[in-house]
Amino acid sequence: MTDSKIAAITDRIIEKSRATREAYLDKVERGRSNGPARKRLSCGNLAHGFAACGSSDKEALAEGDAPNLGIVSAYNEMLSAHEPYHTYPDLIKKAAHSVGMTAQFAGGVPAMCDGVTQGRDGMDLSLFSRDVIAMSTAIALSHDMFDGALCLGICDKIVPGLTIGALSFGQLPIIFVPAGPMTPGLPNAEKVRVRQLFAEGKVGRKELLEAESASYHSAGTCTFYGTANSNQMLMEIMGLHLPGSSFVNPGTPLRDALTEEAVKQLASITSHGNYTPMAEVVDEKAVVNGMVGLLATGGSTNHAIHLMAMARAAGVVVDWRDLSELSDAVPLMCRIYPNGLADINRFQAVGGMGYLMRELRDAGILHNDVKTVMGEGGLDPYTKEPFLEDDKLVWRDAPKDSLDDGVLRPAKAAFSPTGGMKLLTGNLGRCVIKVSAVKPEHRHVKAPAIVFHTQEALQQAFKAGELDKDFVAVVRFQGPKACGMPELHKLTPPLGVLQDRGYKVALVTDGRMSGASGKIPAAIHLTPEALDKGPIGLVRDGDIVEVDAENGVLQVHVDDAELQAREHAECDLSPSQEGMGRELFAPLRQTVGSAEEGATVFRW
C-alpha cells in the first residue's frame, strides 16, 4: 500500500495535471497508426528512407511488417561517458536481425561535458544544449520510419533532452540504453583534498592534473553521484531502462548482453507485441517515482530543473513544492559521494538499484501500479539484478540485505528520515538546497552578504585574502536569461577551504551547482533571477542574509520599506564576457522560463 503522504502528493499532481496530461495524450493518440507509420509513406518517401540499407533490410522495410527500430545516440569521442557508444549501432543491428527486425541509426545529438567547460565560456551554452538535444531527438524520430527507438545517452543535459524529445513521439515504445560508469580511480575525497590545496596555492597545476587524471581515467561516466549517474538512476526507477542495467561497467560481456536484450525487449513492446508506448510509461506516478528516487539517493540538484521539464513534456505538472514535500516523506538511504565517500561502483556492489527499489516499494514509497518497458508487471522486475550464466543473461533477486550499511541502508533504518533536497522561501524568492551533502552544523548560516556578479570575482577576492570571515556569498546574474545558468563549481574549493577554516559561509545564487554540489550550504536556482528584477538584485554588501536549510527559509534581514526603495542592480557583464557561441543562444535566453518551470524554452 502506498504511503499516505506520497499518495496525497501524487493525487494533487494528477489533479493539477489533468488538462495538460489529457492534451498530451490526445496528441499522442493522433500520432498512433495501425501498423508501422511508414506504411503511410509514399513510394518516394520510403525509397529515400531505406536507400542506403542492404538488400535484405530494404526488402523487410518495403514489406512494412517487421519492426524497424530507430537509434538516437549521443556518441562522441571526447566524453568518457559516451565514447563506449561507438560500438552500439552494429551491436543493436545484429541483435535486431537475430529476431527478424531491422534497425537504423536515426540521428545523433550533441553532448557537451560540463566537466570540460566548467568555468569556461562554453558553460553558458550548457543548459540550453538540453533543448537542442530535445529538438535533435525529435528530428531524428520525425521520419515515420520507426516502430520504436533506443536512446543512447548518459550525462547531464543529454538524458533529459533525449527524454523531452522522445516524449514528443510518445506513441513509440522507447528504451534508454546506458553505457555504465568507469571503474574506480582516485577516491573522490582525495581528489577534493587536492583541489582545495590548489585553491590555497599549496600544490601546483601538475599535482592537480595528476589527481584529476587519476580520478577521471577511462571510458564510462564519472564515478561520483552527480547528474550523469542521477540520470541513470532516474531512467531505471521510472521504468525506461532494463532492470539493473544502469551501473554495469562499459566494455564487459554483461554490458553487451544487456544492450542486446534491450533490443529484444523493445521488439516485444512494439505494436507487433505487447504494445507499451513511452507515453504510458511516463505518467504522473512514474514522475513521482523519479522524484522519490532522486531524494532517497541524494541525487543531483540539476533535476530540480530537468525533471520538471521532462514531466511537463508528458503533460505532468510538478514544482518545487511537490519535490520538497516528497523530501519530507522519503528517507535518505544512500551515502554516495558527494554526500558520502563511496562511488557509484560501490553502490552497485553492495545492493544497487534492485535493493533500493525493493526497499522503497515494500515501504510503500514507490508506486508499484505503473507500466515500464518490461510491460505490465509493475516494479517486480526491477527488484532483480542481471548476471551471465553460461553466456546467457539471467536475473536474480537483489541481495536481501545491504552488503555495506555505510553506503546503502534499508528504508526503516535510513541515514535520515527525510530526503536530500528542500525548498527555501522568503523575501529573496524561491530556491532549492541539497541538504543531504551538508553536515547538520552547517545548514543554518546567518551572516553579512558579499555580492558578486561572476564566480571569477569571488575567486579573486579569495586569493586576495578578503574572505576570511563569516559571510554569505550572493552571486547573481547567473540565471538562464542572464547567461544561460552555468554551473558554478569553481566556487566550491574556495568556499570549502573557508568552511574548513571555521568560518560560517553559504552561497545564494540564481545559477546552478548541480549533482556535485555538497559540503557548502548552497541556495541555488533562485527565482525570480536578478535579470528578471528578482529581489536578489536588491541585496547590498553587508546586508544580513539567512540561509536556514532546516526550516526552509531564505531571508535578507532588511526592512521591507528600505528594500522596496532600493534600485535593482544592473548586470555589468562587459563585452569581453560575452563568450564564444553565446550569441547563437541569445533567442533562447530571451524566451526561457524560470528555473522552477524547468528553465525550458518550450511552451506546452
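This is a predicted model: local features need pLDDT of at least 70, side-chain atom pairs count only at pLDDT 80 or more; totals for chains, interfaces and linings use all residues.
With a relative accessibility of 37%, Thr 183 counts as partly exposed.

Leaving aside residues up to four places away in sequence, Thr 183 touches His 217, Ser 218, Thr 223, Asn 249 and Asn 345. Thr 20, on the other hand, is 163 residues from Thr 183 along the chain, and the C-alpha atoms of the two are separated by 43 Å.

## Aromatic pairs and a charge over a ring

A pair of aromatic rings is described by the distance of the centres and the angle of the planes. Here the count comes to three aromatic pairs. One of them is formed by Phe 128 and Phe 585, which are stacked, at 6.2 Å centre to centre and 20 degrees between the planes. This pair links distant parts of the chain: Phe 128 belongs to helix 7, while Phe 585 is in the loop between helix 22 (560-565) and helix 23 (586-591), 457 residues apart. Phe 128 is buried at 0% relative accessible area, and Phe 585 is buried at 15%.

How are the rings of Phe 247 and Phe 347 arranged? Their centres are 6.0 Å apart and their planes stand at 85 degrees; because an angle over 60 counts as edge-to-face, that is the class of this pair. It too links distant parts of the chain, with Phe 247 in the loop between helix 11 (227-237) and helix 12 (253-268) and Phe 347 in helix 17, 100 residues apart. Phe 247 is buried, with a relative accessible area of 3%, and Phe 347 is buried at 2%.

A charged side chain meets a ring as well: Arg 396 lies over the face of Phe 387, 4.1 Å from the ring centre.

## Backbone points to check

Most residues other than glycine have a negative phi, and most peptide bonds are trans. Two prolines are worth a look here. The bond from Tyr 337 to Pro 338 is cis, with omega near 20 degrees, and Pro 338 is placed in the loop between helix 16 (320-329) and helix 17 (344-350). Thr 527 and Pro 528 are also joined by a cis peptide bond, with omega about 5 degrees; Pro 528 is in the loop between strand 12 (522-527) and strand 13 (544-548).

Then there is positive phi. Asp 144 has a phi near 55 degrees, lies in the loop between helix 7 (126-140) and strand 3 (148-152), and is partly exposed at 28% relative accessibility. Phe 477 has a phi near 60 degrees and is found in the loop between strand 10 (471-475) and helix 20 (480-483), where Phe 477 is buried at 2%.

Terms used:
Residues are numbered from 1 along each chain as its sequence is written. Side-chain values use heavy atoms; hydrogens and water are left out. Helices (H or I, at least four residues) and strands (E, at least two) are DSSP runs, numbered from the N terminus. Buried means under 20% relative accessible area, exposed over 50%, partly exposed in between (1.4 Å probe, protein chains only). Contact means heavy atoms within 4.5 Å. Rings of Phe, Tyr and Trp (its six-membered ring) pair if their centres lie within 6.5 Å; planes under 30 degrees apart count as stacked, over 60 as edge-to-face and the rest as tilted. A charge sits over a ring if NZ of Lys or CZ of Arg is within 6 Å of the ring centre and within 35 degrees of the ring normal.
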